[in-house]
Amino acid sequence: MPRIRFTRRQSLLGGAALGVTLAAPSLSRAQSRPLITHGVMSGDVAHDGAVIWARADREAKMLVEWSTTESMTDARAVPALAVGTPTDFSGKLALEGLPSDQNIFYRVTMTDLADGTASEPMQGQFRTAPMGSRDISFVWSGDTAGQGWGIDEDRGGMTTYGTMLRHAPDFFLHSGDTVYADGPLKEEVELADGTLWKNVMTDAKRKVAETLDEFRGQHLYNYMDRNVRAFNAAVPMIAQWDDHEVTNNWYPNEMLDADDRYTVKSMQTLSARASRAFHEMMPTRQSLAEPMRVYRKVSYGPLLDIFVIDMRTYRGDNTANTEAEGTPFIGPEQLAWLKREMVNSTATWKVIAADMPIGMMVRDGAEAMENGANGDGPVLGREKDIAAVLSFIKSAGILNTVWLTADVHYTAAHHYSPERAQFQEFEPFWEFVSGPLHAGTFGPSDYDNTFGPEVRYAKHPEEGQANLPPSDGLQFFGKVDIAADTGVMTVRLMDSADSELWSVELEPKRA
């Protein structure tokens, strides 16, 4: 894949843009041209289109042109979008009618609504999904800027993004915790070796996010990192969310009465603001049927369909998760959608992009459980929804499902089999876990035998260690390659130094 090359002037302007306040712009129109403040990015790529995102420093028209050549000599423009205070000067435009399986170069320019002056253009690229078979390569991970570890420019910033970029993947699946809205940063953190971790600071990162602008600022902070901006310009994203986009382990009906950090106590209020900020600051496709919906299918030709699911928005309260009758997790409408879309899929591989793992026990305090796992034994609580998905896959004869996730801040490969399980109405499958991208490293988790997980590989801190900084090197991502000629899926677990830790080749089953 061709690389984006920025001129020296573009680089200087990009650096200047980062000095702009994350909320209202402060530069005088008489003194400056408009700026694109946080780079450009694309997302939810289809065979004939994609979503383009950018942000200005003032009210402006967002002009997007695209071409099949890097020189942009045959560029075609799409209707401009006015951006302003309702979206914090950010904008998204959908490109349509693009040729399939083609490198697309796009250029974004912001023109001042008041006087028409134009910004320096900024360029990005992506490749549209194929209609026919070709080799596919993508990366996935989660957890960005968590546990107090923000951008330390002396240590190179968020370097895992730079490592992933060197693989030139077709797209990136961000498996959740795209930001840590509940994780304020300190200017300095003393490390075990006596050195200091020095965070770049913004007002939004000095406290927990409560206002809409504070939630927006969580995303804009990550885009200040040069590795993230370069990655976003060259690799389209499929973004999903988990808990830290709002606050740790949240559920819709929660009240934060005991958390003195929050003046806003209603989770309905906080999650609504966080959801709006997420969709404003991410290149997601949105539907008028449910504008804040995260779950969706992204098709990538005859070899791959990605089913992005949402295990956060439709859940019930966090309890011990032992209700015999079950309790909401995925929710009935999303569950029906997932079944319908999997049945209709003709792709060789069906990747279920989950924001939480299945068999790893993730706790919310001493008594409550955070995900579906609740300890050894029969299907109870939220496990009912997981059992419904797995049993349906078996009964409907759906082949070649693979689960990808993050959340637990280490990397692992899990094989699930009914031979080891309490619940046995499913076909064996793999689940791969990777992360963090740039956050504290933890682990390992306890496991629940309900669905029979077996750990084939795991890498995590040694016992007694927790919240290790990114500088310790335990930052992880996964890489998936699907061969067009054989349909074989190769899954690799990688670290930030680009070392291959473990891999497996999965042969597709044929109907």
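**Strand 16**

I began with strand 16 and found both of its faces covered: Trp349, Val351 and Ala353 on one side, and Lys350 and Ile352 on the other, are all buried. Buried here means under 20% relative accessible area, while exposed means over 50% and partly exposed lies in between (1.4 Å probe, protein chains only). Five of the five residues of this strand (residues 349–353) are buried, so strand 16 is largely enclosed by the rest of the structure. I note that strands (E, at least two residues) and helices (H or I, at least four) are DSSP runs, numbered from the N terminus.

A reminder to myself: this is a predicted model, where local features need pLDDT of at least 70 and side-chain atom pairs count only at pLDDT 80 or more, while totals for chains, interfaces and linings use all residues. Residues are numbered from 1 along each chain as its sequence is written, and side-chain values use heavy atoms, with hydrogens and water left out.

**The sheet around it**

Next I looked up the neighbours. Strands of a sheet pair through backbone hydrogen bonds, either parallel or antiparallel. In my notes two strands pair if DSSP finds at least two bridges between them. Strand 15 (residues 304–308) runs parallel to strand 16, and five bridges join the two. Across this pair, Ile306 stands opposite Val351 in strand 16.

Which strands make up the open sheet, and in what order? I read seven strands in the order 14-15-16-20-22-21-24, with mixed pairing. Strand 14 (296–299) and strand 24 (453–459) stand at the edges with a single partner strand each, so one side of each has no neighbour in the sheet. From one strand to the next, the twist averages 20°.

I also checked an antiparallel pair: strand 21 (residues 411–416) and strand 22 (residues 429–433) are joined by five bridges. There His414 stands opposite Glu431 in strand 22. Helix 6 (residues 332–344) packs on the sheet and touches strand 14, strand 15 and strand 16. The direction of helix 6 makes about 180° with that of strand 15; such angles run from 0 to 180 degrees between N-to-C directions, with axes fitted to C-alpha atoms, for helices over the stretch in contact.

**Two helices**

How do helix 3 and helix 5 pack? I found an angle of about 40° between helix 3 (residues 212–222) and helix 5 (residues 267–281), with their axes 8 Å apart. The two are therefore oblique to each other, a word for what is left after under 35 degrees (roughly parallel), over 145 (roughly antiparallel) and 65 to 115 (roughly perpendicular). Helix 3 gives Leu212, Phe215, Arg216, His219 and Leu220 to the contact, and helix 5 gives a set including Leu270, Ala274 and Phe278. Contact means heavy atoms within 4.5 Å.

I then went through the loops. In the loop between strand 22 and strand 23 (446–447) I found Pro436, and the peptide bond from Gly435 to Pro436 is cis, with omega near 5°. Pro444 is found in the loop between strand 22 and strand 23, and a cis peptide bond joins Gly443 and Pro444, with omega about -5°.

Ala168 has a positive phi of about 45° although it is not a glycine; I located Ala168 in the loop between helix 2 (159–165) and strand 10 (171–174). Asp407 lies in the loop between strand 20 (401–405) and strand 21, and its phi is near 80°, a positive value in a residue other than glycine. Is Asp407 buried or exposed? Asp407 is buried, with a relative accessible area of 11%.
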